Amino acid sequence: MSVLPVAAVGANRHRPGRLCHPGFRRSVVSAAGGGSPSAAPRTVATVTRRAPPALANPESGSRAKEIGMRRGAVPYKDEPEECDILVNDRAAEAIKAAGADRFVNLIDPTNPKLVKLLTIMEDGWDRVGVRHKNAGHHSLWPEAFRAGRALLEEAFPDQCDPARGGEVLEGVAFVGDEHRDRAIDFMQRRPKADFTMSKYNPLPRLHRDPDAIDYKSPGWMETSMPGSKSSSEGGAGDEDGAYSYRYYNIWLARTPLDASGQVWENPLCLLLPRDGGAQEWDFEIRKPEDNDGAEEESIGDMVSRVAKNPISAAPIIMKAFSFKKISKEDQFAFTDPNYMARGSPELTPDGKHVWVTAPFAIFDSFDVWHGAAKWDGDMKGELCNGAKDVMRARQEAAKGRVSMELRFRARCRPEGQKGGSPGVPWSPLSAAYRGGGVPPTTV
């Protein structure tokens, strides 16, 4: 018997104006008699594979061409502020106008490399992600990181493509091999009120990844960015020029998208860099003591929330019946020891900020402020009620946002270095690190 593949996953053509893939089909042809033309009649078996959830709704993105901006509450330090959040074509235009092409890339939902990664993500969501408590070291999911690398090489060729002198390194190397159990190279985020409990929720706080509380091994920057200085500069690098590093996150929505082509709630908002990355946006440092006196959710508020969404009571009940009680000291055993001392940088609101979002994006997580916003309710309601299948739209809108992050490092030799690429500048991170502006206790 001979088996001949006729069509592969992702063979369906994308319909103009829509983000979804109506389905994935694979047909197999089998024939008796060694495949001879005169053999017995051939039989065709068709196996249909469901599209990844984010691409499953046929109405997803049906209004993407007409919607370029939405209003949303961006989570600034003291209280959220209503801002314009650019989407679709307007977001792409803003990235180009801001000179942010090296910082942010919005992935085309029809990109075959993206579809491959989403399929891998779906296949391994429970087998790899949930099994390892929704986060872990890149070595646990090699096929996902290989697929992610292909997207990076395409999105940022100067920084990532070996043919152009770039290189992608999997994971962020915050920890050494002895602490792999503390690594967060991939992360699955679920809504706080999701029935499946997870400590990784859409984060309603603007941040950059080095400022996070995640555990980092002492001296992690030296080990994660080797060759940052060449041998001629007194570094441990080789005789070729020094490397410039960037830390890239691939962010992927897992839940269905609305007609504007965005997640129904908690969009990941990205702040475009100031002056093409030449300057930082203003921020303040908040220490733990600054949060003393902050109001916690009252019992009345909790009851009201559960009445509106009964499933949100699941984490409360599970926590109440848990036999594992964790002390405050134990809660911080797997966190950055310098976090409390250095405080948390908090972005200062500025009318010049330009925010963009997309359901699939790659961004420089060390130099791009990001966090989960909240959509304006009027537009969200309009998208629900204007759907052809209103019931489906309301059900999808109520689920909240589930997403996935894959974290990488990328390096290349910039212009001016031996073996450097013409026109490629130092990343802001590497420029600061090489200049001594990033001592270990500040990250």
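Q: Why does alanine 173 count as partly exposed?
A: The relative accessibility of alanine 173 is 23%. Buried means under 20% relative accessible area, exposed over 50%, and partly exposed in between (1.4 Å probe, protein chains only). The value of 23% falls in between, so alanine 173 is partly exposed.
This is a predicted model, in which local features need pLDDT of at least 70 and side-chain atom pairs count only at pLDDT 80 or more, while totals for chains, interfaces and linings use all residues. Residues are numbered from 1 along each chain as its sequence is written, and side-chain values use heavy atoms, leaving out hydrogens and water.

Q: Where is alanine 173 found?
A: Alanine 173 sits in the loop between strand E8 (167-170) and strand E9 (186-189). Strands (E, at least two residues) and helices (H or I, at least four) are DSSP runs, numbered from the N terminus.

Q: What is the phi of alanine 173?
A: Phi is near 60 degrees, a positive value in a residue other than glycine. Most residues other than glycine have a negative phi. Asparagine 266 also is not a glycine, and has a positive phi of about 50 degrees. Asparagine 266 lies in the loop between strand E10 (244-253) and strand E11 (268-271).

Q: What makes a set of residues a nonpolar core?
A: The members are buried Ala, Val, Leu, Ile, Met, Phe, Trp, Tyr and Cys residues, joined through side-chain atoms within 4.5 Å. The largest nonpolar core has 49 residues; Leu152, Ile250, Leu252, Phe360 and Leu406 touch the most other members. Elements giving two or more residues to this core include helix H1 (88-97), helix H2 (112-129) and helix H3 (142-155). H2 gives the most, with 8 residues. Another core, of 23 residues, lies apart from it, with Val87 and Met379 among its members.

Q: How many disulfides does the rule give?
A: The count is 0. For cysteine 160, the nearest cysteine sulfur is that of cysteine 412, 8.2 Å away. A disulfide is a pair of cysteine sulfur atoms within 2.5 Å, so cysteine 160 is in no disulfide.

Q: Why does cysteine 160 count as buried?
A: Cysteine 160 has 0% relative accessibility, so it counts as buried. Cysteine 384 counts as buried too, at 9%.

Q: What makes E16 and E17 edge strands?
A: Strand E16 (370-372) and strand E17 (374-375) each pair on one side only. They belong to an open sheet of 6 strands with the order E16-E11-E14-E5-E4-E17 and mixed pairing.

Q: How do you know that E11 and E16 pair?
A: Two strands pair if DSSP finds at least two bridges between them. E11 and E16 run antiparallel and are joined by 3 bridges, so they pair. Leucine 270 stands opposite histidine 370 in E16.

Q: Why is the pair of tryptophan 141 and phenylalanine 186 called edge-to-face?
A: Their rings are 5.4 Å apart centre to centre, with 85 degrees between the planes. Rings of Phe, Tyr and Trp (its six-membered ring) pair if their centres lie within 6.5 Å; planes under 30 degrees apart count as stacked, over 60 as edge-to-face and the rest as tilted. The angle of 85 degrees is over 60, so this pair is edge-to-face.

Q: What parts does the pair of tryptophan 141 and phenylalanine 186 tie together?
A: Tryptophan 141 lies in the loop between strand E7 (135-136) and H3, and phenylalanine 186 in strand E9, so the pair ties together parts that are 45 residues apart in sequence.
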